[in-house]
Amino acid sequence: MKASAGLDLFKTPLVLKIAGFTLITLTFFYLGKHWSSNGDQQVLFFSSSPGTSVGVSPNYGKSFNVPVPPASTSPSSDSAAVEQPPPPPAKELDRTFGIIDGDGKMSDDFEVGEVDPEVVENWGNETEIDSGAGEGSRAKIKRFELCPESMREYIPCLDNVEAIKKEKELNCLVPPPKGYRQPLPWPRSRDEVWFSNVPHTRLVDDKGGQNWITKAKDKFRFPGGGTQFIHGADQYLDQISKMVPDIAFGNHTRVVLDVGCGVASFGAYLLSRDVVPLSIAPKDVHENQIQFALERGVPAMVAAFATHRLLYPSQAFEIIHCSRCRINWTRDDGILLLEVNRMMRAGGYFAWAAQPVYKHEQAMLNLTTRLCWELVKKEGYIAIWQKPKNNSCYLSRDEGVSPPLCDQDDDPDKVWYVDLKPCITRIPENGYGANVTAWPARLHTPPDRLQSIQMDAYISRKELFKAESKYWSEIISGYVRAWHWKQLKLRNVLDMKAGFGGFAAALIDHGFNSWVMNVVPVSGPNTLPVIYDRGLLGVMHDWCEPFDTYPRTYDLLHASGLFSVERKSVRCNMSTIMLEMDRILRPGGRAYIRDTLDVMEELQEIANAMGWHSALHDTSEGPHASYRILVCDKRLLRS
């Protein structure tokens with residue numbers, strides 16, 4: 001009877017329920033553990049995020065080439081062209097951009113230390129290649145090696161005459177100098193930078209007595225002086241303003257070219273007057289002057305007056321400035337000054353500050369008279385000329401006077417591999433380029449030269465101009481909300497396919513304390529005249545060749561629709577462009593690539609092979625749209 005009673009106990013409903021519940025629990029535990037071990041598939045039992053319900057991951061059964069797939073895609077509901085990725089970790093923001101002071105407020109007044117170890121990766125120094133398997137598969141670079149230490153400041157087009165040839169293209173990652181640190185933020189960087197980021201003392205030795213640059217412990221400091229303005233650039237700019245009041249910095253004068261810029265203190269102090277300067281210099285005996293300028297956060301490029309036109313359009317600059325720039329303007333019947341004349345806006349000014357103003361005074365006066373320039377003021381060692389506003393003076397010169405006017409069919413905006421021409425660039429009879437609106441209204445005023453852009457357009461160019469501005473304004477608004485761009489402290493920005501400059505204009509409208517180099521690829525319409533007429537900076541470039549700048553120049557690289565166009569041209573590999581992007585992007589910097597879905601897999605493979613941390617996001621159009629955005633962070637790599 002006792003044994004029978006025991007068996008009946010196991011048959012009671014309560015015991016059967018307990019046994020069944022235990023069996024179900026063990027089954028789900030086994031399945032959860034099995035499925036969670038596969039990184040591509042997960043069963044979610046619960047979520048710690050508010051409002052998230054239990055369910056199966058929507059990515060189950062799909063394969064994505066993403067190192068860390070985003071938890072969700074969350075397009076904006078109030079903007080048709082805004083991506084909504086998750087915000088960056090709070091820990092990273094606190095470490096990078098500020099500290100909490102005693103009152104609980106964010107402060108930038110702190111000493112930036114070494115790069116956080118989380119940003120540094122021990123990368124090794126060997127290229128790994130996956131040869132692929134099966135017919136039709138392509139070889140993939142799993143990991144690009146670091147270049148030799150001797151290449152840490154490598155500029156391919158200047159350091160190797162064979163570098164721009166395809167068989168000699170860059171195929172490794174340019175390393176940073178030992179002890180590289182996160183650059184100091186603007187405006188602090190105007191006055192000091194880390195010595196370890198530009199570890200060269202040649203300029204200190206040569207120019208320290210001229211108030212250019214000094215070294216103090218682990219930093220370079222920039223007192224703001226120069227050879228011709230030893231008492232400071234601000235005082236020098238005040239003097240120029242008093243000499244010619246019509247210059248009106250920040251109103252009539254918006255875009256300035258500084259030739260032979262030194263460490264770019266002239267440009268650095270123009271920025272505070274609402275002027276955007278472009279500082280250029282060759283890689284000469286003082287080879288790191290442009291590198292110092294860029295480290296300070298001042299717009300600059302490596303460039304030289306030589307045999308080709310500079311890569312800027314006609315009538316680009318309101319002022320072109322040369323202070324002891326070591327250029328003989330009168331040689332070869334003034335062919336270099338003719339290039340200055342091409343780039344100078346009608347009615348613009350050429351400011352020459354140097355003792356040679358007197359040494360070569362007569363030759364310079366003779367040449368500028370033949371160019372129809374008027375010497376409007378000379379004071380001390382400073383002379384300022386003004387270019388005419390129309391062609392009337394040129395046409396009234398005596399017959400046979402040199403240099404002649406250029407032919408009617410000469411295109412002054414054609415600059416890519418175009419030789420200098422020994423002729424005077426004609427000013428358009430319709431006044432295009434001369435009649436720009438004062439700043440800041442010119443930023444959003446469709447300029448006259450918009451009508452001269454050669455492009456296929458089904459609607460008016462003015463409508464295209466306005467539509468592009470609105471489009472990028474909405475995009476940047478979304479980036480500010482979703483990606484917290486205001487906390488990124490962006491300074492040096494490169495737009496790799498700029499169009500009319502709408503992306504740069506949107507950054508200004510949203511109050512970013514940054515400058516943008518707007519690149520117009522040779523593969524598309526030449527919109528550079530429009531970009532400069534808006535009061536922005538830009539340059540012509542072919543992305544199948546190296547860019548004229550030092551490594552570690554930019555905080556942000558932006559490429560919208562670039563790779564799909566370049567891949568169709570079949571002129572270079574996408575890895576060629578990506579490796580160049582890695583060269584010019586700072587460690588800790590970011591790249592945003594917005595393009596068609598069919599190029600994204602290869603781009604992400606290359607990004608991962610370069611050590612970038614990448615994530616692929618949908619646009620607000622949803623997962624079925626043909627466009628995606630690839631967001632990449634560059635890490636500091638060590639061998």
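In this structure C406 and C423 form a disulfide, with their sulfur atoms 2.0 Å apart, where the term disulfide stands for a pair of cysteine sulfur atoms within 2.5 Å. This pair links distant parts of the chain, for C406 and C423 both lie in the loop between α13 (392-395) and α14 (461-482), 17 residues apart. The helices (H or I, at least four residues) and strands (E, at least two) named here are DSSP runs, numbered from the N terminus. The link of C406 and C423 is right-handed, with 90° about the S-S bond, and both C406 and C423 are buried, a word that means under 20% relative accessible area, as against exposed for over 50% and partly exposed in between (1.4 Å probe, protein chains only).

The model is predicted, and local features need pLDDT of at least 70, while side-chain atom pairs count only at pLDDT 80 or more and totals for chains, interfaces and linings use all residues. Residues are numbered from 1 along each chain as its sequence is written, and side-chain values use heavy atoms, with hydrogens and water left out.

A disulfide is a covalent bond between the sulfur atoms of two cysteines. By the distance rule the count comes to 5 disulfides, and, with bonded cysteines counted along the chain, they follow the pattern 1-2, 3-4, 5-6, 7-8, 9-10.

One of these disulfides joins C147 to C172, with 1.9 Å from S to S. The pair links distant parts of the chain, since C147 is in the loop between β7 (140-143) and α4 (156-159), whereas C172 is in the loop between α4 and α5 (188-191), 25 residues apart. The link of C147 and C172 is right-handed, with 105° about the S-S bond. C147 counts as buried at 5% relative accessibility, and C172 is buried as well, with a relative accessible area of 7%.

Another disulfide is formed by C544 and C572, whose sulfur atoms are 2.1 Å apart. The torsion about the S-S bond of C544 and C572 is about -65°, and therefore this disulfide is left-handed. Because C544 lies in the loop between β20 (537-541) and β21 (554-560), and C572 in the loop between α17 (562-569) and α18 (574-584), the pair ties together parts that are 28 residues apart in sequence. C544 and C572 are both buried.

Two further cysteines can be looked up in the structure. C261 is buried, with a relative accessible area of 9%, and C632 is buried with a relative accessible area of 1%.
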